[in-house]
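Hi,

Here's the structure I promised to pass on to you. Have it open while you read, and I'll go through what turned up.

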Amino acid sequence: MALHFQSLAELEVLCTHLYVGTDLTQRIEAEKALLELIDSPECLSKCQLLLEQGTTSYAQLLAATCLSKLVSRVSPLPVEQRVDIRNYILNYVASQPKLALFVIQALIQVIAKITKLGWFEVQKDQFVFREIIADVKKFLQGTVEHCIIGVIILSELTQEMNLVDYSRPSAKHRKIATSFRDTSLKDILVLACSLLKEVLAKPLNLQDQGQQNLVMQVLKLVLNCLNFDFIGSSADESADDLCTVQIPTTWRTILLEPETLDLFFNLYHSLPPLLSQLALSCLVQFASTRRSLFSSPERAKYLGNLIKGVKRILENPQGLSDPGNYHEFCRFLARLKTNYQLGELVMVKEYPEVIRLIANFTITSLQHWEFAPNSVHYLLTLWQRMVASVPFVKSTEPHLLDTYAPEITKAFITSRLESVAIVVRDNLDDPLDDTATVFQQLEQLCTVSRCEYEKTCTLLVQLFDQNAQNYQKLLHSPSAITVDKAIQEGRLAWLVYLVGTVVGGRLTYTSTDEHDAMDGELSCRVFQLISLMDTGLPQCSNEKIELAILWFLDQFRKTYVGDQLQRTSKVYARMSEVLGITDDNHVLETFMTKIVTNLKYWGRCEPVISRTLQFLNDLSVGYILLKKLVKIDAVKFMLKNHTSEHFPFLGISDSYSLSDFRCRTTFYTALTRLLMVDLGEDEDEFENFMLPLTVSFETILQIFNNNFKQEDVKRMLIGLARDLRGIAFALNTKTSYTMLFDWIYPTYLPILQRTIERWYGEPACTTPILKLMAELMQNRSQRLNFDVSSPNGILLFREASKMICTYGNQILSLGSLSKDQIYPMKLKGISICYSALKSALCGNYVSFGVFKLYGDNHFDNVLQAFVKMLLSVSHSDLLQYRKLSQSYYPLLECLTQDHMSFITNLDPPVLLYVLTSISEGLTTFDTVVSSSCCTSLDYIVTYLFKHIAKEGKKPLRCREATQAGQRLLHFMQQNPDVLQQYFSELRASLINSQPLPKQEVLAQCFRNLMEGVEQNLSIKNRDRFTQNLSVFRRDVAEALRNDGSSEPCSLDMMS
């Protein structure tokens, strides 16, 4: 439906509503109207009207947006029309160079899209869209404004060529990007560098805004060239410090010229901060150039030039006071070690002076912790990698790290302690609250701190003793000021983190007995602090110190507790003298006492509880540790007293958030692992363990039908579901699982069913119960393979079927939900139901044929519930929500593998929905989804092929008796050649789409594809076809490459 706009004014009003309007209703209406404009036949004329007569920049922006969508369509406009649009925009921006920058960029993006999508299109034996670079050179000969536009065109084009459009074949993108790289990118880089040289050759007028803008755009252009994905690796931007730039070999001459690096170092020193940081960004990429581009002498020379540049920057550090420059320079330093070995760095003439300057720079940076904190990561990366490389250096030149690494460690430690007073007194954000950053920095520091470890250890002992004494004085002083106490607690928290870090560093660095003894010296102090803090509970407590202690305990566990530890470790020598801790058994007792203490007194503090339970969970993994743990009194106490009376976090008080209940699953998983060590077949022991849960369920049974406080029962049920899920997760043997099943069925599962019926619209309640059911259905370690005389598998499936059907029917009664509600209220529950059903279908513990044989409809009901829930979900939602797609597609794979009779009996709309979902799933980048789609499709086609072959052998009267309900099979029986016909049409279409010289080559490829392939599905025949397909792919790719210089199009299927 085309929209007929009466006037330009009406269009401009819509633009204003769309881009700057504050009324949401008006904006939505404007979006609808303008979407209709894009689809209307008069779109191009309206865009021209807006560009030529529009009075606002937003009108011009709308025109550019519409044009961008038009030229990006899958079915492209005719070549002549696209050439006209490109030329029109070029003339338009040339005639109006003072347009708003965002309008110019939007219009240039249209040119870039046209150029990329038409890169291989030929007209009159010429690549019509590659003339853009020649057109740009005309801009560069004009005014400064025209020059800027020319540079922006090249910059946008480079970015567009590098941009992967996941809605189009990736092979086409790589072919275009590779051709652009080989034919144009080097010339663009050379052109940009020559423009920068011209800028430097003249006196810089930094007051001239036009000249500044030009330099900025040229630097961005160079950066886009260097950021180009040269080999199609699609590097993960989050792994910034690991990046290597795969510069093409043809660029060697540019990089080997010393003037290239000098140009950017000179620009850094000459330009204002906004521009100089772009120059540094370019240098970061130059420093990341792949090693294999140079020979050894060339690499040494190139590295020497980089080091000279570093020295010059550090000797003139004024520019580094700008956060942008500082950040880029830190990245630059990190890249030096990423791409060059320490042995190469020490051979550089300026190395001793430069490493001194870098060390001073790092120390200053650490001392000014509040300035650009995100940049410190790169400096610590540099030192971490340098120190880690020391054992591998063969050069006789001194690396000097034994001199500077301890200074770096000292600067980090003292600066963090000094920061506490400023944070507390000025009420600033505490760096300790950002645990992700703290842990990252500590993990980097642990390697650096182990270099000259004696110095680090001496410093930490001194600081710890001093601060611990001050803290004790404050605790015993009635007149202690709260601020002083907070400062002392913050410093102790940092010291505990640091001790944990250096102890954990033993695993990353060559260690000696002396080092182990020093670890013991430090660890003594933390264990003494633990005793001090725990004796003051609950009146005297500090969350930050507790979290730091848990970090330390975890690091100590990884390093000195477990199988890898030698009994003779010197770490226990000092600990034995001071604390009486002689080996890891005593340490485990200390661990468990601390865990029980935390669970008793920190019930209202979710961070401490969750970290404590994670620590307990880590301890409970590993048979040897479990055997030691179950002998400890604290563990025996937990196994007998896991109630809210002893551990308040197991309570149902309103003061606890429902989300805090999640930690209960972790608690019971660990506890059940401990129970399993000596459980065997002792049912009485299991019953005793389950007693607190039994009491809770019996309480609910008594009050469910009476007047009750609804919220309390709901909270109790949520807690029980989470507890049982943790228990079920840990029961990995048939004997123990059977004990749980006999306990929960038939007495308590109906309660969970009623809960789903009553509170189906409350995800906080239904999600834990559905997850429990999904866990119960998991046949992990064959635990559900009950005895042949046991009906438990069928009984369990019947209960799951009832729950899924109940939830499915009830959730569909909610009707339509808003976008922000649809996942938590509906799709999350559906995904868990699908996951549970998939576990049942693939678990191999239920014979599903029994249900039909005995007239039991539970299996049919759950399949119908699956269909109803599926049809309530749109295809876009199915793929948009990852958990949903990762439960639906594996379930569909199970259904097509073992239950094709159900698939073939589906109504046509449902079957179409399923097949469409497979079609769309094949194109996703999620391997779980795409592989399940491939397998499902294989099962469907295999089923059809076998049944068509079987039907062909039957007498005519038997064929007529085929069930009318099996529509898909019936259609294929009536049209057995439909797949063969489709393949023939596809083959003809692909061959005809190629130039005449290639058509015979491609036809031969298709003939070879089916060579030796018979009309059957034997494994040998499938393998033969797979081999042929690999050869086919290679041969077709080779045929397309052979004449790549003149090829106007490529095969869609080759993507």
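Below are notes on a helix pair and then on a few backbone spots.

Keep in mind that this is a predicted model.

**The helix pair**

Two packed helices are described by the angle between their axes and the distance between the axes. For α24 (residues 543-560) and α26 (residues 584-601), that angle is about 155 degrees and the axes are 12 Å apart. Anything over 145 degrees counts as roughly antiparallel, so α24 is roughly antiparallel to α26. Their crossing is left-handed.

Which residues make the contact? From α24 they are Glu 546, Ile 549, Leu 550, Leu 553, Phe 556, Arg 557 and Tyr 560. On the α26 side you'll find Asp 584, Val 587, Phe 591, Lys 594 and Asn 598. Sorted by type, the contact residues come out as seven nonpolar, four charged and one polar.

**The backbone spots**

Most residues other than glycine have a negative phi, and most peptide bonds are trans. Here are some exceptions to look up:

- Glu 452 has a positive phi, near 55 degrees. You'll find Glu 452 in the loop between α20 (435-449) and α21 (453-476), and its relative accessible area of 31% makes it partly exposed.
- Asn 844 isn't a glycine either, yet its phi is positive at about 65 degrees. Asn 844 sits in the loop between α38 (819-842) and α39 (849-853) and is exposed, with a relative accessible area of 70%.
- The peptide bond from Tyr 745 to Pro 746 is cis, with omega near 5 degrees. Look for Pro 746 in the loop between α34 (734-744) and α35 (749-758).

Cheers

Notes: Residues numbered from 1 in each chain as written. Predicted model: local features only at pLDDT ≥ 70, side-chain atom pairs only at ≥ 80, totals over all residues. Heavy atoms only, no water. Axes fitted to C-alpha atoms, helices over the stretch in contact; angles between N-to-C directions. Helix = DSSP H or I, 4+ residues; strand = E, 2+ residues; numbered from the N terminus. Parallel < 35°, antiparallel > 145°, perpendicular 65-115°, else oblique. Left-handed = near helix turned anticlockwise from the far one by under 90°. Contact = heavy atoms within 4.5 Å. Nonpolar A, V, L, I, M, F, W, Y, C, P; charged D, E, K, R; others polar. Buried < 20%, exposed > 50% of the residue type's maximum accessible area, 1.4 Å probe, protein only.
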